[in-house]
Every structure is written in C-alpha cells, then in structure tokens.
Amino acid sequence: MSGTEKTKAHAEQAKGKAKEAMGRMAGNERMTAEGHADQAKGKARQAKEDIKDTFHD
C-alpha cells in the first residue's frame with residue numbers, strides 16, 4: 001500500500017470515528033451517519049489498496 005493512500009485511509013477512518021462520536025454526544029443522527037459513512041469510505045480505500053498490494057507482489 002502506498003504511504004499516501006494508507007495515510008488517507010487511516011485519516012478518513014479517524015475522522016469518521018470522531019464525527020460519529022460527536023454526533024452521538026450531541027444526539028445528531030445525521031452527523032452520526034456521516035461519521036459512519038466516512039469510516040466505511042476509509043475502510044474501502046484501505047481494502048482497495050490491500051488488493052492492489054496483493055497483485056503487486
């Protein structure tokens with residue numbers, strides 16, 4: 001996995017976790033859902049890069 005993409009994936013997951021937590025604390029369902037979606041995007045990005053690494057080896 002390239003360092004840049006790996007960093008982006010982890011940052012997106014962390015951003016999503018923070019947004020989800022803030023949404024739950026504030027009782028804001030929309031923010032909670034957005035945080036969950038951000039986490040999913042980060043996980044998908046990471047999975048894509050893992051697959052690319054698998055075929056690169």
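Is Glu12 buried or exposed? Select Glu12: with a relative accessible area of 15%, Glu12 is buried (buried means under 20% relative accessible area, exposed over 50%, partly exposed in between, with a 1.4 Å probe and protein chains only).

A quick word on what you're looking at: this is a predicted model, where local features need pLDDT of at least 70, side-chain atom pairs count only at pLDDT 80 or more, and totals for chains, interfaces and linings use all residues. Residues are numbered from 1 along each chain as its sequence is written, and side-chain values use heavy atoms, leaving out hydrogens and water.

Glu12 and Arg45 form a salt bridge, with their closest N and O atoms 3.4 Å apart (that is, a side-chain nitrogen of Lys or Arg within 4 Å of a carboxyl oxygen of Asp or Glu). Glu12 sits in helix 1 and Arg45 in helix 2, so the pair ties together parts that are 33 residues apart in sequence (helices are DSSP runs of H or I, at least four residues, numbered from the N terminus).

Keep Arg45 and pick Glu5: these two side chains also meet in a salt bridge, at 3.2 Å, N to O. Glu5 is buried at 18%, while Arg45 is partly exposed at 25%.

Next, hop to Asp38 in helix 2 (residues 29-56). Asp38 is buried, at 7% relative accessibility. Leaving aside residues up to four places away in sequence, Asp38 touches Glu12, Lys15, Gly16 and Lys19 (contact means heavy atoms within 4.5 Å).

Last stop: select Lys15, Lys19, Arg30, Glu34, Asp38 and Lys41 together, and you have a network of salt bridges.

Note on methods: Helices (H or I, at least four residues) and strands (E, at least two) are DSSP runs, numbered from the N terminus.
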